[in-house]
Amino acid sequence: MSNENLGDSVENLLTENRTFPPSAEFAAQANAKPEIYEEAERDRLAFWEKQARRLHWDTEWSSVLDWKPPYVKWFIGGKLNASYNCLDRHVIEGRGNRVAFHFEGEPGDTRTITYADLLADVKKCANALTELGIKAGDRVAIYMPMIPEAAVAMLACARVGAAHSVIFGGFSADSLLARILDADATLVITADGGFRKGAAFALKPVVDEALKSKTNVRNVLVVKRTGQETAWSERDIWWHEALARQNPEHVAQPFDSEHPLFILYTSGTTAKPKGIFHTTGGYLTQAAYTHQNVFDLKPESDVFWCTADVGWITGHSYVVYGPLINGATQVIYEGTPDTPHKGRIFELVEKYKVSILYTAPTLIRTWMKWGDEFPNKYNLKSLRLLGSVGEPINPEAWMWYREVIGNNNCPIVDTWWQTETGAIMISPLPGVTATKPGSAMATIPGISAKVVDDEGIEVSKGRGGYLILDKPWPSMLRGVWGEDERYKETYWSRFKDLYFAGDGAKLDNDGAIWLMGRVDDVMNISGHRISTTEVESALVSHEAVAEAAVVGANDEITGQGIVAFVILRGGIPNVGGEELIQELRNHVAKEIGAIAKPRQIMVVAELPKTRSGKIMRRLLRDVAENRAVGDSTTLADPNVMKLISEGLNSGKSED
Ligand code: WT7
C-alpha cells in the first residue's frame with residue numbers, strides 16, 4: 001500500500017466480528033495478568049526498571065531514561081554483559097544441563113546443546129576473537145547458515161564488546177560487501193556453506209568475492225559445515241582449529257548499558273540499506289520481557305521454536321537474546337520447510353514436543369496451500385501457543401493456524417514490531433487479551449502507539465491513518481549507523497518528536513489496532529523488507545536496461561511479490577524476450593540476493609510519470625494486479641498506460 005491510496009484502504013471498515021477470549025485454564029497459568037497494563041500505566045519508568053531487573057547488572061543504573069528527541073538512553077550508568085546474561089548466569093545458578101538448542105540440520109544431522117556446552121563454545125570463541133585482535137567497539141560481520149555456531153559467534157562478539165552485523169546468508173557478494181564497508185568490519189565469520197532444499201550451498205566463495213574489493217577485514221573465520229572444497233588464503237582461519245587452541249576460561253567484562261550490541265541492515269526507501277543500530281541494556285530488557293510475557297514462556301517445561309533465521313531481527317531477539325536470557329529450550333532448524341517433505345516442520349514439532357511456535361504468515365499460507373494432510377499426519381498436541389510476525393496476517397490464515405495447527409486450543413499472538421523497534425511492541429497478551437483474527441490488538445504494557453492523520457492528530461475509533469510511537473521504549477534503535485541525518489529524516493521528520501513507523505493502521509470500533517502494510521516505497525516479501533528503489537537500481541545496473549520501476553503487487557503466498565517494469569536501452573532488441581527476462585531476474589539476484597528476484601518483469605516502452613517526473617506506482621500496481629487502471633489524469637502523457645496495457649511482454653516465472 002502506498003500513501004496515494006491510504007485513505008481508501010484503511011477506512012474501509014473491517015467486518016471481522018469473531019473474537020477469541022482466553023480459556024480459563026490458560027489464563028490461570030499465564031505469566032501475564034490483567035493488572036500488568038495498569039501497573040505499567042501507573043508508572044511507566046518504574047515498570048521498565050522492574051523489567052530491567054530481569055538482567056544481571058554488574059553496576060546498577062543511576063537514572064532510567066534520558067530522552068532528548070530523537071536521541072534516547074536507557075538505564076544510564078548501568079553496566080552488564082549480554083553474553084553473561086544469556087549463558088553464565090544459567091550455569092552459575094545450576095541450569096547448565098538444560099538444553100539450550102535442539103539443532104536439526106536439513107540433512108537430518110542433530111545436536112543437543114546445553115547451556116553449559118554453549119557457554120564453553122562462546123568462551124573459546126571470545127578468546128579466539130581476542131587472539132585475532134578484536135576489541136570492544138569493533139565491528140564483526142557474520143555471514144552464516146542457520147547453525148548453532150551463528151549464535152555462538154553473536155554471543156562471543158557481545159562477550160568481548162564487539163558489535164556484530166549479521167548478514168542473511170541469502171544476500172549476494174555485493175550486498176555483503178556494502179554492509180562490510182558501511183560498518184567498517186575487520187573480521188568476517190562465515191561457513192564453507194550450508195544445506196538448503198536438499199543440497200549444499202556455498203558461502204565462503206561469496207565472502208571471497210566480496211573481499212576482492214578493498215576493505216579493512218583482516219581475517220575470515222570459517223566454520224566447516226558442508227565439507228565443500230573452498231579456496232584458502234592467508235587471512236582465512238578454520239573455526240574448529242582456532243577454537244581448539246583456546247583457553248576454555250573467559251571472564252566476561254561488563255559494558256555500559258548504551259554500549260553498541262549490534263548493527264542490522266534493513267531496506268529503506270533508497271537504494272542503500274540502513275544500518276539499524278542497537279545498544280545493550282534497554283534492548284536486552286525488552287527482548288527478555290516480551291519473550292516471557294508475549295510467549296508465556298515456562299522455561300522448565302516449554303520448547304520454544306521461532307522459525308526465523310538469525311539474519312533477521314526476529315532471529316536476534318527471539319532465537320538468541322530473549323530466549324537465552326530467559327533460559328528457554330529451543331529448536332533451531334537449518335533448512336527449508338519442504339525438505340525432504342512438506343511436513344518437515346510438523347515432524348519436528350512432534351519430535352521435539354514444541355510447545356510454542358513463532359512463524360510468519362507467508363509460511364502459514366504456504367502450508368494452507370499444501371493441504372491439511374501434512375500437519376494432520378503428525379501429533380501436534382504439544383503446542384500450546386502460536387505466534388505470527390512479519391506482515392499482516394489475513395483472517396483466513398489466522399483461522400487456519402488456529403484450527404489446523406493449534407487444534408482450536410492455542411492462543412495466537414500476532415506481534416507487530418520492526419528491526420528498528422528491536423522487540424515486540426503491539427501484540428495480544430496470552431491469557432489476558434481476547435483476540436480477533438487478523439489484528440495485533442494493542443500495545444503491550446510499557447509501550448505507547450497511536451494512529452494519526454496527516455496532521456499528526458490521533459484518529460478516532462473506526463478510522464485509519466499512520467502508526468506512530470509517541471514515547472521512547474528501551475529497545476529503540478539508537479540511530480542509523482554513520483548516517484545521523486538519515487535517522488532524523490526517516491523516522492522523526494514526518495511528525496515532531498513522534499517516531500514514524502512507515503506502516504498504515506486502523507482502529508476498529510473497539511480500539512483494536514489493525515496493521516495495514518507499509519505506506520512508503522518499501523515492499524514486504526515473505527515478511528522481509530525490500531525497497532523498490534534498491535531493486536530498480538539493480539535493474540538499471542544491467543546494460544540492457546534504460547529505466548525501471550518496481551512495485552509490490554499482492555501475492556497470495558508471499559504477501560507481496562516484486563513486479564518490475566523496464567524500458568530497454570535503444571538498440572537492445574527484445575528478441576527471445578523470455579531469455580532476457582530470466583537474465584534480468586538473475587541479475588537482480590546477483591546484485592542483491594535471491595530474495596529480491598522479481599516475480600515478474602514486463603518490458604514496456606514508457607513508464608507512467610507525473611509532470612514533475614515522479615513514477616506513478618499506483619497505476620503500475622493496478623496493471624501488476626490485473627485491475628482496471630485507476631485515475632491517470634495527472635500523467636504527463638495520458639496515453640502511457642494504454643501503451644503499457646496493450647504492449648505487455650510479460651515474463652512470469654515460478655521460483
Ligand atoms: C515491518 C518491519 C519484526 C520482525 C520481522 C520484520 C511489517 C511486522 C507485522 C505484523 C503487520 C507487520 C511492518 C513493519 N510487520 N510484523 N504482526 N503485522 N505487519 O521486521 O524487516 O524490520 O519489517 O514488517 O510493515 O514495519 P522488519
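Strand β14 (residues 260–266) and strand β15 (residues 274–279) run antiparallel and are joined by six bridges; helices (H or I, at least four residues) and strands (E, at least two) are DSSP runs numbered from the N terminus, and two strands pair if DSSP finds at least two bridges between them. The model is predicted, so local features need pLDDT of at least 70 and side-chain atom pairs count only at pLDDT 80 or more, while totals for chains, interfaces and linings use all residues. Residues are numbered from 1 along each chain as its sequence is written, and side-chain values use heavy atoms, with hydrogens and water left out.

Glycine 193 is placed opposite alanine 202 in β10. The two strands, β9 and β10, form a hairpin with two residues between them, and lysine 197 in the turn has a positive phi of about 50°.

The domain assignment of the chain gives domain 1 (107–266) and domain 2 (524–646), the bounds coming from an automatic or database assignment. The C-alpha centres of domain 1 and domain 2 are 36 Å apart. Seven residues of domain 1 are in contact with eight residues of domain 2, contact meaning heavy atoms within 4.5 Å. The area buried between domain 1 and domain 2 is about 560 Å², with carbon and sulfur atoms giving 43%; buried area is the accessible area (1.4 Å probe) that two parts lose on being put together, summed over both. Ser172, Asp174 and Thr266 supply 52% of the area that domain 1 buries against domain 2, more than any other three residues.

Over the whole structure, the search finds 46 salt bridges. One of them joins lysine 450 and aspartate 470 at 2.6 Å, N to O. This pair links distant parts of the chain, with lysine 450 in strand β21 (residues 449–452) and aspartate 470 in the loop between β22 (464–469) and β23, 20 residues apart. Lysine 450 is partly exposed at 24% relative accessible area, and aspartate 470 is partly exposed at 22%; buried means under 20%, exposed over 50%, and partly exposed in between (1.4 Å probe, protein chains only). Glutamate 485 forms a salt bridge with lysine 488, with the closest N and O atoms 3.5 Å apart. These residues, glutamate 485 and lysine 488, are three residues apart in helix α17 (residues 484–492) and are therefore separated by about one helical turn. Glu104, Arg344, Glu347 and Lys351 are linked in a network of salt bridges.

The whole-structure search finds zero disulfides, a disulfide being a pair of cysteine sulfur atoms within 2.5 Å. For cysteine 86, the nearest cysteine sulfur is that of cysteine 157, 13 Å away. Cysteine 86 is buried, at 0% relative accessibility.

Conventions: A salt bridge is a side-chain nitrogen of Lys or Arg within 4 Å of a carboxyl oxygen of Asp or Glu.
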